[in-house]
Amino acid sequence: MQNRQINPKQGLIPFSILVVGISSLLFLYLYLGKEPTVEIHGFRKEVAEIFGMAGFCALALIYGRSILKLILNEGTFLQRIIPDDHYDRSLSASRKLLAFLNRTHKHVGATAIVIMATHALLMGPARWNPFLISVLCLLAWQGIFGIFLVVRFPINTLKKHGRMAHAQLYTGVMIGVFAAFGHLLV
Ligand code: HEM
Ligand code: HEM
């Protein structure tokens with residue numbers, strides 16, 4: 001049996017508190033020194049916003065899958081939120097949904113990256129700030145290591161470390177927190 005080497009939940013709460021704390025300080029610093037940014041209007045803005053919403057949905061699917069994985073591993077938690085007589089049916093429906101999300105993850109992940117890059121480019125590099133640039137870098141990180149996981153490489157360690165770099169939730173926390181502060185700063 002293959003043992004999971006890292007517990008995806010381990011240390012996630014202290015890490016989130018730390019990221020929010022440091023980001024708040026950086027936000028204050030950047031906000032106080034902020035200069036007016038160029039605005040974009042009309043059709044381009046609308047398309048950019050649609051891409052922003054679509055990217056949000058793709059990321060919600062990606063991390064919704066992670067949450068579903070965690071919930072299904074803890075059957076008792078699911079039992080607590082679903083009444084007993086519905087439990088079996090809900091469990092099999094959730095398993096089917098998870099299987100679908102697992103099958104499509106690569107495509108949803110790659111689509112998310114393309115959508116977010118397009119969103120950022122349409123909004124224009126002149127409006128990017130360090131938070132948003134970090135979000136782009138984190139998405140690129142996820143994409144590069146995601147590819148390592150699916151492309152067959154001769155070096156096995158690349159695959160092993162690729163999984164550690166990719167299949168974790170720390171980048172997810174950073175993407176969420178940095179995107180929130182980044183948009184507040186625009
Ligand atoms: C987690 C990833 C992201 C999501 C879900 C997201 C989503 C959105 C949404 C829904 C909007 C429209 C909101 C509004 O008009 O108030 C928006 C605006 C914007 N986004 Fe993003 N975005 C993400 C990442 C990025 C990145 C990486 C950049 C740039 C590098 C960026 C740059 C902008 C800019 C400049 C605006 C315009 C804000 C304004 O006019 O007030 N976004 N984003
Ligand atoms: C080129 C695109 C991508 C490919 C090929 C890819 C591939 C993979 C593979 C093979 C796994 C391990 C098996 C599995 O859990 O299904 C995985 C897990 C994971 N991926 Fe991706 N991925 C991609 C993009 C992304 C993106 C953009 C994100 C987030 C922004 C992401 C987040 C995750 C997470 C959080 C896991 C762990 C799921 C969990 O166990 O909770 N992936 N990915």
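I started with ligand 1: α2 gives the most to the shell around it, with 6 residues. (Helices are DSSP runs of H or I of at least four residues, strands are E runs of at least two, and both are numbered from the N terminus.)

Before going on, I noted that this is a predicted model, where local features need pLDDT of at least 70, side-chain atom pairs count only at pLDDT 80 or more, and totals for chains, interfaces and linings use all residues. Residues are numbered from 1 along each chain as its sequence is written, while chains are lettered from A and ligands numbered from 1 in the order in which they are written.

**Ligand 1**

I found 20 residues around ligand 1, and G52, F56, A120, M123 and L132 come nearest. (A residue is near a molecule if its C-beta atom, placed from the backbone, lies within 6 Å of it.) Two or more residues each come from α2, α4, α5 and α7. I sorted the shell by class and got 14 nonpolar, 4 polar and 2 charged residues. (Ala, Val, Leu, Ile, Met, Phe, Trp, Tyr, Cys and Pro count as nonpolar, Asp, Glu, Lys and Arg as charged, and the others, Gly among them, as polar.)

**Ligand 2**

Around ligand 2 I found 24 residues, with S66, G109, G146, L149 and A167 the closest. The elements giving two or more are α2 (42-73), α4 (84-123), α5 (130-150) and α7 (170-185). By class I got 13 nonpolar, 9 polar and 2 charged residues.

**Domains**

(The bounds come from an automatic or database domain assignment.) Both domains give residues to the shell around ligand 1, so ligand 1 lies between them. Ligand 2 also lies between the two domains, because both give residues to its shell.

I then checked where the domains touch: 8 residues of domain 1 are in contact with 10 residues of domain 2. (Contact means C-beta atoms, placed from the backbone, within 7 Å.) On the domain 1 side, α2 and α4 give two or more residues, and α4 gives the most, with 5.

**α4 against α5**

I saw that the axes of α4 and α5 come within 10 Å and cross at roughly 150°. (Axes are lines fitted to C-alpha atoms, for helices over the stretch in contact, and angles run from 0 to 180 degrees between N-to-C directions.) That makes the two helices roughly antiparallel, a label for angles over 145 degrees. Among the residues making the contact are G109 and A120 of α4 and L132 and G146 of α5.

Conventions: Angles under 35 degrees count as roughly parallel, over 145 as roughly antiparallel, 65 to 115 as roughly perpendicular and the rest as oblique. Two residues are in contact if their C-beta atoms, placed from the backbone, lie within 7 Å.
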